[in-house]
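Colleague: I have a model open and would like to learn how to read it. Can you take me through the features one at a time?

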Amino acid sequence: MDVYLITAPNGKPPAHPDPNAPESVGGVAWGSAGNIDENRGMLWPAGINAVRSIDLINGTVDDFCHMLEQGLDQPLINETHLDGKFDFQVRADEGQQNNFTERLRTQLNLVVTPAQRRVEMLVFTPQ
């Protein structure tokens with residue numbers, strides 16, 4: 001299936017958290033890509049560049065992927081091979097063009113690319 005892959009091509013992780021930081025706190029801000037269904041008050045799946053900013057303090061790369069994946073139009077697969085906890089903070093300046101994947105690369109040394117992978121899924125069907 002179509003997925004997004006997140007990799008760390010130079011093996012350099014994002015910043016390590018302050019040892020006194022709280023356990024995995026943060027959030028995602030979505031751009032004006034129309035991914036909020038105002039009638040239902042819920043997130044509508046969008047592409048990776050609809051993300052405006054993300055903050056995750058003291059989280060793993062898997063935590064980061066799960067947080068982002070909640071509003072994406074396809075799964076985000078972690079192929080960074082990075083262990084441990086990190087601070088993930090990617091922000092755009094006001095008025096700056098929204099190119100989340102470019103800011104992710106320059107600010108955190110992480111690369112997101114479209115790809116295809118086999119993904120196990122649990123499917124529920126009504127009876």
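This is a predicted model: local features need pLDDT of at least 70, side-chain atom pairs count only at pLDDT 80 or more; totals for chains, interfaces and linings use all residues.

Colleague: Where do I start? How many helices and strands does the protein chain have?

Modeller: Start with the inventory. The protein chain has two helices and eight strands. Then read their order along the sequence: β-β-β-β-β-α-β-β-α-β.

Colleague: What share of the contacts joins residues 24 or more positions apart?

Modeller: Take the contacts in the protein chain with a separation of 6 or more; 76% of them are between residues 24 or more positions apart.

Colleague: How do I read burial on a helix? Which residues of α1 are buried?

Modeller: List the buried residues, then check where they point. Helix α1 spans residues 61-69, and its buried residues include Val 61, Phe 64, Cys 65, Met 67 and Leu 68. These five cover an arc of only 165° around the axis, so they sit on the same side of α1.

Colleague: Now a strand. Is β5 mostly covered or mostly open?

Modeller: Count its buried residues. Strand β5 runs over residues 51-59, and eight of its nine residues are buried, so "mostly covered" is the reading.

Colleague: In which sense do β5 and β7 pair?

Modeller: Look at the bridges between the two strands. β5 pairs with β7 (residues 86-90) in the antiparallel sense, over four bridges. For a landmark, find Leu 56, which stands opposite Phe 88 in β7.

Colleague: Next, charges. How many salt bridges does a search of the whole structure find?

Modeller: Three. Asp 55 and Arg 91 meet through their side chains at 2.7 Å, N to O. This pair links distant parts of the chain: Asp 55 is in strand β5, Arg 91 is in the loop between β7 and α2 (100-108), and they are 36 residues apart. Arg 91 has 45% relative accessibility, so it counts as partly exposed.

Colleague: What does the salt bridge of Glu 79 and Arg 117 tie together?

Modeller: The side chains of Glu 79 and Arg 117 meet at 3.0 Å, N to O. Glu 79 lies in the loop between β6 (76-78) and β7, and Arg 117 in the segment after β8 (111-116), so the pair ties together parts 38 residues apart in sequence. Glu 79 is partly exposed, at 27% relative accessible area. Arg 117 is also partly exposed, at 32%.

Colleague: How many residues apart are Arg 105 and Glu 102 in helix α2?

Modeller: Three, which means about one helical turn separates them. Their side chains meet in a salt bridge at 2.4 Å, N to O. Arg 105 is partly exposed at 40%, and Glu 102 is partly exposed at 34%.

Colleague: Last feature. Which residues form the nonpolar patch on the surface?

Modeller: Met 1, Met 121 and Val 123 form it, with about 330 Å² of accessible area together. Met 1 is in the segment before β1 (2-7). Its relative accessibility is 41%, so Met 1 counts as partly exposed.

Terms used
Residues are numbered from 1 along each chain as its sequence is written. Side-chain values use heavy atoms; hydrogens and water are left out. Patches are made of residues with over 30% relative accessible area and no salt bridge: like charges are joined within 9 Å, nonpolar side chains (Val, Leu, Ile, Met, Phe, Trp, Tyr) within 5 Å. Accessible areas come from the Shrake-Rupley method with a 1.4 Å probe; for residues, only the protein chains shown count as cover. A salt bridge is a side-chain nitrogen of Lys or Arg within 4 Å of a carboxyl oxygen of Asp or Glu. Buried means under 20% relative accessible area, exposed over 50%, partly exposed in between (1.4 Å probe, protein chains only). Contact means heavy atoms within 4.5 Å. The arc is that of the directions from the helix axis to the C-beta atoms. Two strands pair if DSSP finds at least two bridges between them.
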